[in-house]
Amino acid sequence: ASLKPQVDEGSKWDAKRCAVKIGLEKSTRRPVQGDKVKLTKMYKFFDGEGLCLKPGQIGKLLEDDRTTVPFLVESPDGGTDWYADG
């Protein structure tokens, strides 16, 4: 069984995967809540196309639930999606 985040009424959970990394830093540490993140060059291999964050945009990490797709990221326009560590 997979874990699914709670979604707003009328919304649908979509288990797409994508990769994000900490932006503007060369760091190997795990991103933490509040970090700025961006898509990695590998995002297409993680079904990351069409999610809230576009290539080159800087998003904000809102939550890390430590699952296989642990990072809830908010894009500059306010949209959110779950991403994998990349």
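## Stops along the chain

Begin with Arg 29, which is partly exposed at a relative accessible area of 36%; buried means under 20% relative accessible area, exposed over 50%, and partly exposed in between, with a 1.4 Å probe and protein chains only. This is a predicted model, in which local features need pLDDT of at least 70, side-chain atom pairs count only at pLDDT 80 or more, and totals for chains, interfaces and linings use all residues. Residues are numbered from 1 along each chain as its sequence is written, and side-chain values use heavy atoms, with hydrogens and water left out.

**Stop 1: the salt bridges**

Asp 35 is buried, at a relative accessible area of 11%. Side chains of opposite charge can pair when their charged atoms come close.

How many salt bridges are there by this rule? The count is 3.

Select Arg 30 and Asp 64 next. Their closest N and O atoms lie 2.7 Å apart, in another salt bridge. This pair links distant parts of the chain: Arg 30 sits in the loop between strand E1 (19-22) and E2, while Asp 64 belongs to strand E3 (residues 59-64), 34 residues away. Strands (E, at least two residues) and helices (H or I, at least four) are DSSP runs, numbered from the N terminus. Arg 30 is partly exposed at 29% relative accessible area, and Asp 64 is partly exposed at 23%.

The side chain of Arg 66 meets that of Asp 64 in a salt bridge of 3.7 Å, N to O. Arg 66 is exposed, with a relative accessible area of 61%. Through shared partners, the salt bridges join Arg 30, Asp 64 and Arg 66 into one network.

**Stop 2: the loop between E1 and E2**

Select Pro 31, in the loop between E1 and E2. Is Pro 31 buried or exposed? Pro 31 is buried, with a relative accessible area of 4%.

**Stop 3: the nonpolar core**

Select Val 37, Leu 39, Tyr 43, Leu 51, Cys 52, Leu 53, Leu 61, Phe 71, Val 73 and Tyr 83. These 10 residues make up the largest nonpolar core, a core being a set of buried Ala, Val, Leu, Ile, Met, Phe, Trp, Tyr and Cys residues joined through side-chain atoms within 4.5 Å. Which elements give two or more residues to this core? They are strand E2 (36-39) and strand E4 (71-74).

**Stop 4: the loop between E2 and E3**

Go to Ile 58, in the loop between E2 and E3. Ile 58 is partly exposed, at 31% relative accessibility. Leaving aside neighbours within four places in sequence, Ile 58 is in contact with Lys 36, Val 37, Lys 38, Leu 53 and Pro 76, where contact means heavy atoms within 4.5 Å. Ile 58 and Leu 39 are 19 residues apart in sequence, and their C-alpha atoms are 8.1 Å apart.

**Stop 5: the hairpin**

Select E4 and strand E5 (residues 80-85), which pair in the antiparallel sense over 4 bridges; two strands pair if DSSP finds at least two bridges between them. Leu 72 stands opposite Trp 82 in E5. The hairpin of E4 and E5 has 5 residues between its strands, and Gly 78 in the turn has a positive phi of about 95°.

In the loop between E4 and E5, select Ser 75. Ser 75 is buried, at 4% relative accessible area. Apart from neighbours within four places in sequence, Ser 75 is in contact with Cys 52, Leu 53 and Gln 57.

**Stop 6: the whole chain**

Clear the selection and show everything. The protein has 0 helices and 5 strands. Of its 86 residues, 30% are buried.

Finally, colour by pLDDT, the predictor's confidence in each residue, from 0 to 100. The protein has a mean pLDDT of 76, and 63% of its residues reach 70 or more. Among its elements, E1 has the lowest mean pLDDT (57) and E3 the highest (94). Where pLDDT is low, the predicted coordinates should not be read in detail.

Key
A salt bridge is a side-chain nitrogen of Lys or Arg within 4 Å of a carboxyl oxygen of Asp or Glu.
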